Amino acid sequence: MAIECLVLGAGQEIGKSCAVVTINGKRIMFDCGMHMGYDDHRRYPDFSLISKSRDFDNAIDCIIITHFHLDHVGALPFFTEVCGYRGPIYMTYPTKALAPLMLEDYRKVMVERRGEEEQFTSDNISECMKKVIAVDLKQTVQVDKDLQIRAYYAGHVLGAAMVYAKVGDSAMVYTGDYNMTPDRHLGAAQIDRLQLDLLITESTYATTVRDSKYAREREFLKAVHQCVAAGGKVLIPTFALGRAQELCILLDDYWERMNLRVPIYFSAGLTIQANMYYKMLISWTSQKVKETYATHNAFDFKNVRNFDRSLIDAPGPCVLFATPGMISGGFSLEVFKRWAPSEMNLITLPGYCVAGTIGHKLMSGKPTKIVLDKDNQVDVRCQIHQLSFSPHTDAKGIMDLVKFLSPQHVILVHGEKPKMASLKKKIHSELGITCYDPANNESVYIPSTNYVKAGASDAFMQSCMNPNFKFLKRGSEEIPNASIQRCTKALSPLQVSDERVVEGILIMEKSKKAKVVHQDELLLKLGAKRHEVQFAYCCPVSVEKLEKTATTDLTPATNVSSVTDKCILIKKLFTKLSSEFSVGDFRNLGEYIRLESFQASICSKDSCPYRITNSFQNKSKAVFFCCTWSGPDEKLAWKIISTLENAI
């Protein structure tokens, strides 16, 4: 079976995350976001690629939303209430609580303030959220009898989750957005070591390795302090959920330590609502916030207050958090137009900005003018400060996660095309993992793994534990110099190893369960006898040759009768073969010698069926050895026999 991934959004770009993955016949939509940089058909994923007939209920088994950011959840009410999807939707408890706030805030900004055509109504949002099934971290959810999913802590924002999905033997993880390092209000991403066919990971900062978090915090605080100390105003455009709380904790603590009285404002009631949820959902925050909760709630900001529109032109310094982030519209755009023309003021952009937004234009250089439309433009004389306070992991974090999970395949999404190409090459060269970076509306097909669970019989397990000794002669070339040779003379000339060999036969029992059994068990089950091809050859060996190494006189084989004589002959033959074969496992077993399946013993028969009578004319000076062996050792046997016959 193959896994198919259809990328409907965030393919070689950042925005409208949406991937439809088919695993063993089950189809899952991961995220359903909108693109904040477009106001045309490119705003939403092309849902027609899922089902031409628009029968989405039968085309998709479930939707999984990783977190509440609009580029991951913004198209969901449109897909459910306008397009008609009625199937199950899964997200964590915090995401279910906060997503409707984000969606309603967006609707108000776009429709009520900017006058755009309404994509979905407040009722649509409410009805959509009724279809949502909330899940907890590490809770295994059985979507149906074949499909199971499990959420893992992703950091990034409150309630964000990585999602594990498994159908049969095929398994994958979709990360959504995640952060591999903790911050002031959230912990680092955490996930089990899993056996995966596929990992789909974001790659926002595919080539960026950040410096120390504390250095970035000091730089941010220094820029803000210098601006307000000079009487200027600081605009921090940020989304109401996530970075706003992180930076408020940082500024509130700094204000206390520095005894500053400059006001810090939130621009909207949405952030006040969000803080209420953060207080309620302490268990989803960082370890430090949880530990200090009993004595101090980190989200009770002493120096932060609500902002009134009448204060936009009020004299004196202040710090304002205004939504939305990226200055894509709403109140942050309104304040930007008023404050940007003054050199005293500062706009600090703490995270990533999507192409097409004013935030992205400000980060791309030091523009002197920003054109809003054909009738409006803004003079930009203010200070612009760009700081990577992003909740996304950096390139090192992505590599660490890929290395930790070690999937068979990786698909990169949610990143910029050239940077994704660089990371793709790095994953393949450094980790040896096949990596893909598909564009929007492209599909990737990868093979999945099928595993067979098999039991094992007692006889098979016992055979695995039996010794399997190997005796290898130690050659002189293994001893590096003469001094070491002198030290090793007392050592045994043999190297002994014991490699356990697992040899069994896989069968399917009547119960249709696979089982590994020992070969003797199979013969017993089948009522059959073991068949093995045996070879034999009665080989003549010169008595005169053996006498050269003998300490007693040897007699021809026809006169050999005593056990003592046989042992002497075997010993001399053993000595001869051991000297001829530098590497081997020759064993002297008294009345015969053995190497692997090859065995040689003295033949006392005058008319041995395995003897070629004309092979040696002077029988009176020969000792005959019956040699037997099995098929696998035939080449070795003839090599030994050739050595014996050449010695005649």
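Trainee: In the largest nonpolar core, which residues touch the most other members?

Mentor: This is a predicted model, where local features need pLDDT of at least 70 and side-chain atom pairs count only at pLDDT 80 or more, while totals for chains, interfaces and linings use all residues. Residues are numbered from 1 along each chain as its sequence is written, and side-chain values use heavy atoms, without hydrogens and water. A nonpolar core joins buried (under 20% relative accessible area, 1.4 Å probe, protein chains only) Ala, Val, Leu, Ile, Met, Phe, Trp, Tyr and Cys residues through side-chain atoms within 4.5 Å. Among the 107 residues of the largest core, those with the most such partners are Met29, Phe47, Phe79, Phe220 and Leu251.

Trainee: What does Leu251 touch, beyond residues up to four places away in sequence?

Mentor: Contact means heavy atoms within 4.5 Å. With those sequence neighbours left out, the partners of Leu251 are Phe220, Leu221, Val224, Ile236, Ile264, Val319 and Phe321.

Trainee: How much space lies in the largest cavity?

Mentor: On a 1 Å grid over the protein atoms alone, a cavity is a set of points where a 1.4 Å probe fits but cannot get out; lining residues have an atom within 4 Å of a point. Grid points are joined across faces, edges and corners, and the volume is the space filled by probe spheres set on them. For the largest cavity, this gives about 420 Å³.

Trainee: Which residues of its lining are the closest to the centre of the largest cavity?

Mentor: The lining of the largest cavity comprises 29 residues. Closest to the centre are His69, Phe239, Met326, Tyr352 and His392.

Methods. Buried < 20%, exposed > 50% of the residue type's maximum accessible area, 1.4 Å probe, protein only. 1 Å grid on protein atoms, 1.4 Å probe; cavity = no way out; pocket = protein on both sides within 12 Å on 5 of 7 lines; lining within 4 Å.
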